[in-house]
Amino acid sequence: MGRRQRNRQRQQQQQQQRRERGGGGDGQGREQGWEGGYPEIVKENALFERYYRELRIVPEGEWEPFMAALREPLPATLRITGYKRYPEELAWHTNLSRKILRKSPQLEKFHQFLVSETECGNISRQEAVSMIPPLLLNVNPHHKILDMCAAPGSKTAQLIEMLHADMNVPFPEGFVIANDVDNKRCYLLVHQAKRLNSPCIMVVNHDASSIPTLQIDNNGRKEVLFYDRILCDVPCSGDGTMRKNIDVWKKWTTQNSLQLHGLQLRIATRGVEQLAEGGRMVYSTCSLNPVENEAVIASLLEKSEGALELADVSSELPGLKWMPGITQWKVMLKDGQWFEAWKDVPSNRQTQIRPTMFPIKDEEKLKVMNLERCIRILPHHQNTGGFFVAVLIKKSPMPWNKRQSKLQRKLSQRTGEISVSAAAAEDGSVEIIKEPPDAEDEDTKETQHLLNAESEQSKKDGVCGPPPCKKMKLFGFKEDPFVFLSEDDPLFPPIEKFYALDPSFPKMNLLTRTQEGKKRQLYMVSKELRNVLLNNSERMKVINTGIKVWSRNSDGEQFGCAFRLAQEGIYTLYPFINARIINVCIEDVKVLLTQENPFLSKFSSETHKRVKDLAMGSIVLKYEPDPSKPDTLQCPIVLCGWHGKTSLRAFVPKNERLHYLRMMGVEVFKAKRKEENFESKTEEGDQDSTKNTISHVPGWETAAISS
């Protein structure tokens with residue numbers, strides 16, 4: 001019995017067990033619209049209602065609609081990937097539940113479309129409010145971006161799309177470094193990012209509250225890497241997600257927010273330290289609680305001593321309904337006890353409650369902070385989840401970074417080296433203090449000299465290995481090193497000749513994951529990410545970077561090149577390729593995408609002539625639209641192919657094949673519903689619902705995305 005058949009039988013057994021636990025098919029006693037078989041969760045929580053009624057985050061007279069919305073399933077939403085320009089109607093929602101989408105015979109074709117297009121990166125199933133933080137970052141293609149708590153990666157995907165706003169530029173100057181503390185979730189993040197085939201994304205694995213300071217080389221001089229944009233979407237209690245995560249109803253307590261506040265403040269503090277002057281950081285949570293929201297922002301603004309400013313973004317998302325941030329709130333323990341100020345907290349409670357959780361009492365300070373510029377999104381206003389967003393602008397260095405003496409600053413500039421230490425502040429947060437090596441410590445200087453020499457040798461060798469083994473115990477799987485091709489690597493000239501690569505091709509940006517033995521895959525990164533990798537291999541745990549552009553194919557050696565083109569990287573490579581390009585007609589494309597290894601006789605006479613005298617091996621198959629035939633496909637397609645002795649085939653992943661065929665009007669739907677579970681690991685907002693209508697999200701997503 002094959003593995004696929006065993007998996008299929010296991011899924012059928014699990015489905016049968018769920019039906020048996022459910023006690024019948026009438027759905028009674030279960031949450032409507034959810035997979036049956038589980039006890040109903042009562043959507044009531046007296047402490048939740050008492051807490052938020054008292055804080056008055058909901059406008060007068062709107063409490064009942066607010067609670068009613070929380071008890072309704074969240075509409076499923078999807079976003080169409082936008083590159084060259086953001087089209088109108090980019091984000092859509094449906095009131096269909098995931099169960100109906102998956103089980104209804106009438107919607108089977110639509111469901112397969114969603115799964116297929118999600119897998120090949122053309123759509124993302126993402127909650128509507130989750131789309132807001134990247135939009136407010138106001139990203140341009142040259143920006144250096146840090147996503148501090150990135151998994152599962154829906155927002156990261158948005159950031160990548162914004163970098164590639166102009167598809168005519170294969171290597172934007174900017175990049176995204178996407179970080180997550182959870183090693184396993186980092187691989188989910190890799191899967192999400194890989195769908196977009198970008199050479200400008202790097203996934204790293206660190207605690208965001210102590211993410212290392214990185215360096216870059218600027219004309220032979222080391223400089224600290226400061227980011228133009230930072231997304232700080234911190235871990236939170238998640239009470240804004242009650243519509244999709246119904247477990248929150250029974251588990252909610254104020255204790256969750258009290259425990260997370262310190263971590264959220266440390267992460268936000270670390271973020272603004274790494275932000276460039278004039279840069280923008282978006283702080284966001286899917287919580288409604290001011291302890292996780294306004295309290296963090298107010299504390300950050302106070303300790304910044306004017307270095308940070310809350311931006312007024314009220315006009316940046318026209319049509320979005322939101323509530324301004326609040327300036328007064330109280331703190332409550334899980335037993336229902338309230339405290340209005342830090343002075344009221346007894347000593348035995350001061351480990352649970354911290355001073356930074358309370359509002360600022362100084363009216364002048366409070367006025368300057370402009371906390372009303374924060375954005376709180378309530379579920380009943382636009383049929384969404386609950387959310388909080390604040391946009392911070394950095395006007396000058398953080399005060400604790402400016403307190404170095406002139407001598408220290410000179411030493412720092414001269415050595416280009418920075419050591420980072422953490423000091424606990426009175427409020428329990430961690431401030432990162434940057435210090436140069438002690439000028440009087442000869443042992444330190446010698447050690448630093450040896451480290452620099454080792455780092456420089458690694459750079460010359462083009463090897464960016466993983467962190468030292470002693471650190472690997474802190475993480476998950478051990479990663480292979482990143483090895484850049486050297487100037488004289490004998491592997492490259494045959495590739496360069498075979499594909500007639502343009503002299504401008506950045507071959508120094510090619511890398512492999514193998515230090516010894518045969519190189520089986522060649523990847524490519526932008527020169528900016530190469531700079532980051534070469535100068536920080538000992539500082540950071542890199543999970544993945546680069547886009548695959550060539551794969552070893554031993555059959556190709558006899559034709560002059562052992563590496564065939566990879567479809568993932570073809571749009572990055574194509575501008576540099578000057579040979580082995582075959583223009584094909586629309587009918588040829590259909591043959592290539594519907595037949596596994598078609599004979600040359602299947603193709604048009606023009607295509608047959610073009611390949612007749614061409615050496616066998618990897619080729620580029622290019623379709624150019626014909627404006628005189630408006631009924632045919634009007635966008636170009638570039639495919640990786642292989643020219644054999646009697647055949648011509650395309651190396652294109654299945655879901656991408658289906659995408660192109662749909663664009664050409666070819667029916668790709670199969671009536672027999674597949675039994676495999678198409679649960680997408682990349683989704684963030686694929687929600688259950690009980691209604692069965694499809695409509696466009698009213699106004700604000702389209703207006704915001706196209707602005």
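**Helix 19 and Asn 536**

Author: Look at helix 19: its buried residues are Glu 528, Leu 529, Arg 530, Asn 531, Val 532, Leu 533, Leu 534, Asn 535 and Asn 536. Helices here are DSSP runs of H or I with at least four residues, numbered from the N terminus. This is a predicted model, where local features need pLDDT of at least 70 and side-chain atom pairs 80 or more, while totals for chains, interfaces and linings use all residues. Residues are numbered from 1 along each chain as its sequence is written, and side-chain values use heavy atoms, leaving out hydrogens and water.

Reader: How do I read "buried", and why is helix 19 largely enclosed by the rest of the structure?

Author: Buried means under 20% relative accessible area, exposed over 50%, partly exposed in between (1.4 Å probe, protein chains only). Helix 19 is largely enclosed because nine of its 10 residues are buried.

Reader: Where does Asn 536 lie, and why does Asn 536 count as buried?

Author: Asn 536 belongs to helix 19, which covers residues 527-536. Asn 536 counts as buried because its relative accessibility is 0%.

Reader: Which residues does Asn 536 touch, leaving out those up to four places away in sequence?

Author: Touching, or contact, means heavy atoms within 4.5 Å. For Asn 536, those residues are Thr 213, Leu 214 and Gln 215.

Reader: And which backbone oxygen does the side chain of Asn 536 reach at 2.6 Å?

Author: That one belongs to Gln 215.

Notes
Helix = DSSP H or I, 4+ residues; strand = E, 2+ residues; numbered from the N terminus. Polar contact = N/O pair within 3.5 Å; in protein donor to acceptor, adjacent residues only side chain to side chain.
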